[in-house]
Amino acid sequence: MKLLYYLASIGDNNYDEKLNILNHNLEYLYEKNKFNFDIIINLYNTDDESYEKINNLIKNKNYIEKYYIYVKDGVLTELFLTNPHNKHIEKYQYILFILDDVKIINYDLKKMIEY
């Protein structure tokens, strides 16, 4: 299965809490499904510290094969529509398009795909 976790946008307002949610979601997906996946992140904080925090979180996940971080000021739709990494989307069978404040609690990806 070729899955892409697409983080629609993340930044400001409780950034560290959003990183905790992202970390939880990534760990949850892997532990529940036991397969590797890729991730695209739209980061609207343009400072180096924000980039380093999210990059360090992602690069240490051995179950994430490829990751792409797009940094640009803006809002969700602007980030999503201008992200140069979107060219990679067509390689994936499944895309989990998720917001930065959505914490996955009870999610069965395999069952969802079956439906």
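Start by selecting Ser 50, which is buried, with a relative accessible area of 6%. Buried means under 20% relative accessible area, exposed means over 50%, and partly exposed is in between (1.4 Å probe, protein chains only). Ser 50 sits in helix H2; helices (H or I, at least four residues) and strands (E, at least two) are DSSP runs, numbered from the N terminus. Which residues is Ser 50 in contact with, leaving aside its neighbours within four places in sequence? Show Tyr 15, Leu 43 and Asn 45. Contact here means heavy atoms within 4.5 Å.

A quick word on what you're looking at: this is a predicted model, where local features need pLDDT of at least 70 and side-chain atom pairs count only at pLDDT 80 or more, while totals for chains, interfaces and linings use all residues. Residues are numbered from 1 along each chain as its sequence is written, and side-chain values use heavy atoms, with hydrogens and water left out.

Is Ile 58 buried or exposed? With a relative accessible area of 1%, Ile 58 is buried. Beyond its neighbours within four places in sequence, Ile 58 is in contact with Leu 22, Leu 26, Ile 39, Ile 41, Ile 64 and Tyr 67.

**Stop three: the core**

Now for the bigger picture. The largest nonpolar core has 26 residues, and the members that touch the most others are Tyr 5, Leu 22, Leu 26, Ile 41, Ile 54 and Ile 58. Color strand S1 (3-10), helix H1 (15-33), strand S2 (37-43), helix H2 (48-59), strand S3 (64-71) and S4, the elements that each give two or more residues to this core. H1 supplies the largest share, 6 residues. A nonpolar core, by the way, is a set of buried Ala, Val, Leu, Ile, Met, Phe, Trp, Tyr and Cys residues joined through side-chain atoms within 4.5 Å. In soluble globular proteins, nonpolar side chains tend to be buried together.

Zoom in on Ile 41: leaving aside neighbours within four places in sequence, its contacts include Leu 7, Ile 10, Leu 22 and Asn 83.

Select all of S2. Because 7 of its 7 residues are buried, S2 is largely enclosed by the rest of the structure. Turn the view to check each face: Phe 37, Ile 39, Ile 41 and Leu 43 are buried on one side, and Asp 38, Ile 40 and Asn 42 are buried on the other.

Bring S1 back in. S1 and S2 pair in the parallel sense over 5 bridges; two strands pair if DSSP finds at least two bridges between them. Tyr 6 stands opposite Ile 40 in S2.

Also in strand S1 is Ile 10, which is buried, with a relative accessible area of 0%. Not counting residues up to four places away in sequence, Ile 10 touches several others, including Tyr 15, Leu 43, Ile 54 and Asp 100.

**Stop five: charged pairs**

Side chains of opposite charge can pair when their charged atoms come close. A salt bridge is a side-chain nitrogen of Lys or Arg within 4 Å of a carboxyl oxygen of Asp or Glu. How many salt bridges does this rule give? The count comes to 8.

Select Asp 38 and Lys 2, whose side chains meet in a salt bridge (3.5 Å, N to O). Asp 38 lies in strand S2 and Lys 2 in the segment before S1, so the pair ties together parts that are 36 residues apart in sequence.

Next, show Glu 27 and Lys 61, a salt bridge with its closest N and O atoms 2.7 Å apart. This pair links helix H1 to the loop between H2 and S3, 34 residues apart. Glu 27 is partly exposed, at 29% relative accessible area, whereas Lys 61 counts as buried at 10%.

Finish at Asn 14, in the loop between S1 and H1. Asn 14 is exposed, with a relative accessible area of 60%. Its phi is positive, about 65°, although Asn 14 is not a glycine. Most residues other than glycine have a negative phi.
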